[in-house]
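Trainee: I would like to go through this model and ask what each description rests on.
Mentor: Go ahead; put the structure up and begin with the surface.

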Amino acid sequence: MDPELAAEASLRAPNGAPHDRFVASYRARMGYRAEPLAPPAITDVEGAIDIHCHAHEGQQDALAVAQLASASGMGGLLFKSIVGRDRTDVVGPAGVVREVERDLAAWSESTGVPPTRLWSGWITSFTRGRGMLEACRANLDDGVSAVWMPVFRSANTLSKVGGPPAWWGEAGDWSDPLPWDRALAVGEYTLDERGRLKPEYREVFRMAADAGVMVSFAHGTHEEIFAMADAVRDLGITRAVVDHPFSPFIDLSVAQLTQLAAAGVYLNFTYDEISPLLGVDPKRMADAIRRIGTDHVTLSSDAGEPLFPNTVEAMRLIRAHMRAFGLTDEQVHQISVVNPGRLLDA
């Protein structure tokens, strides 16, 4: 075989179709240029606000990543999770983040580096033995800036990846994905038998609307997501988010995302999606953002675990990937600085 034909054949899938991702990725990486990297400094994140940052047990240290974000000129971090959120001497995550803010301010005073802004979020599953509405009210009164619907305890999550059996009173380390009926029985699901938001979850949306805070649809099924979008419309909520829309948990089509954006819901694409763990094609993400438009799109990290870069580097990476695959500087600025700022009133 001709060497050139052999080389081309090696880039084709078994069905003869070109490996479009390989070709597009190589073109992007060879054509993209940015400010030269000078580790350990992280550049090209100036003003960026990460609305999905993790720092709970076994993950990145909240103060350390806040210091790095400050030194890198980021606009702020919203902690979806953080070590100590279940401490008995504070109401919840807002109190823990205030302590991080205090320590960050002391560090800033000693170094002369302006501190980045910090916000806290609360997940409806973390009630600390109280009723969900009581816990929601306490956390909103304490100052959280975002509320997440069920995440890893949701029926959708349990049906996709399983979970610790201790959550439903059984032994074992991690279960296989649960059959849907079982996931519904032991997990959290926001809809009633008529496919409408259960009264307690609708009340959470109402409380979030009254407080003016961001609300995330978290790991909801498609049916849950569109029911939540109805609540957003009915309650006049302007700070609603679908997280990691291309992840296996959510897996929405561009047509569905366009519909949600038209309803005023923000689509929060994450580094997690394009990481090796989930493997979403960054070109697919960038193409989708261009088709949907940037008015209701955000970028965030969803980082914190040791298998990810730290949040600041993850924000640099997702911004760089989106530019490399065709978004303009202005578009990247809007979806990583301007739009997240709107969600947090920054």
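This is a predicted model: local features need pLDDT of at least 70, side-chain atom pairs count only at pLDDT 80 or more; totals for chains, interfaces and linings use all residues.

Trainee: What makes the protein chain as compact as a globular protein of its length?
Mentor: First, the inventory: the chain has 14 helices and eight strands. For 346 residues the globule rule gives 20 Å, and the radius of gyration is 21 Å; the two values are close, so the chain is as compact as a globular protein of that length. Along the principal axes, its C-alpha atoms fill a box of roughly 70 × 55 × 45 Å.

Trainee: What share of the 346 residues is buried?
Mentor: Buried residues make up 51% of them, where buried means under 20% relative accessible area.

Trainee: How do you know that both faces of strand E6 are covered?
Mentor: In a regular strand, side chains alternate between the two faces of the sheet. In E6, residues 240-243, Ala240 and Val242 lie on one side, with Val241 and Asp243 on the other. Each of these four is under the 20% cut-off, so they count as buried and both faces are covered.

Trainee: Why are E5 and E6 called paired?
Mentor: Pairing needs at least two bridges, and two join E5 (residues 214-216) to E6, so the strands qualify. They run parallel, and Ser216 stands opposite Val241 in E6.

Definitions and conventions: Residues are numbered from 1 along each chain as its sequence is written. Side-chain values use heavy atoms; hydrogens and water are left out. The radius of gyration is taken over C-alpha atoms; the globule rule is 2.2 Å times the number of residues to the power 0.38. Buried means under 20% relative accessible area, exposed over 50%, partly exposed in between (1.4 Å probe, protein chains only).
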